[in-house]
Amino acid sequence: MASFDIRAAAQDCVDRFHLLIGTETEIHSNNEADDTFHDVIRIEDQFARFKMWAGNIGAFAEDHASLDYRLRDSEETKQFMLVFLRSLSDFITRGELLRSQPALYNSCHSSFHHFDPLSFQRLRN
């Protein structure tokens with residue numbers, strides 16, 4: 001039986017991006033200020049980048065083209081990808097939760113602009 005761990009983790013990221021975009025769109029529609037519109041655009045841009053990256057590496061591909069299949073003999077690399085995708089999903093979830101709570105978001109807003117993708121390396125150790 002084929003394992004779709006990476007595919008499932010990537011799909012979770014897609015689902016969480018949809019939730020975050022929905023939250024941002026709702027905030028924008030309820031807010032007359034244009035600054036929230038830029039947040040929606042930035043999130044949609046990052047979502048597009050994620051989909052392009054996931055498509056290029058085969059995260060959603062079928063059969064032998066899938067990343068799950070291609071990494072079947074490299075457990076360490078597969079685990080790294082899973083940690084990365086789960087961490088991204090958690091990060092998106094935190095963003096959605098913060099945006100749904102405006103007071104909390106305003107106090108933490110600056111930390112989102114300083115995300116270090118290399119921090120995932122520390123998660124492996």
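I count a contact when heavy atoms lie within 4.5 Å. By that rule, S89 touches D12, C13 and R16, leaving out residues up to four places away in sequence.

I note the ground rules. This is a predicted model, where local features need pLDDT of at least 70, side-chain atom pairs count only at pLDDT 80 or more, and totals for chains, interfaces and linings use all residues. Residues are numbered from 1 along each chain as its sequence is written, and side-chain values use heavy atoms, without hydrogens and water.

I looked up S89. It sits in helix α4 (residues 75-99); helices are DSSP runs of H or I, at least four residues, numbered from the N terminus. S89 is buried because its relative accessibility is 3%. My classes use a 1.4 Å probe and protein chains only: buried is under 20% relative accessible area, exposed over 50%, partly exposed in between.

Next, R16 and D12. Both lie in helix α1, four residues apart, about one turn of the helix. R16 is partly exposed at 28%, and D12 is partly exposed at 27%.

I searched the whole structure and found five salt bridges. One of them joins K78 and D5 at 3.9 Å, N to O. K78 lies in helix α4 and D5 in helix α1 (residues 5-30), so the pair ties together parts 73 residues apart in sequence. K78 is buried at 8%, while D5 is partly exposed at 38%.

Technical notes
Helix = DSSP H or I, 4+ residues; strand = E, 2+ residues; numbered from the N terminus. Salt bridge = Lys/Arg side-chain N within 4 Å of Asp/Glu carboxyl O.
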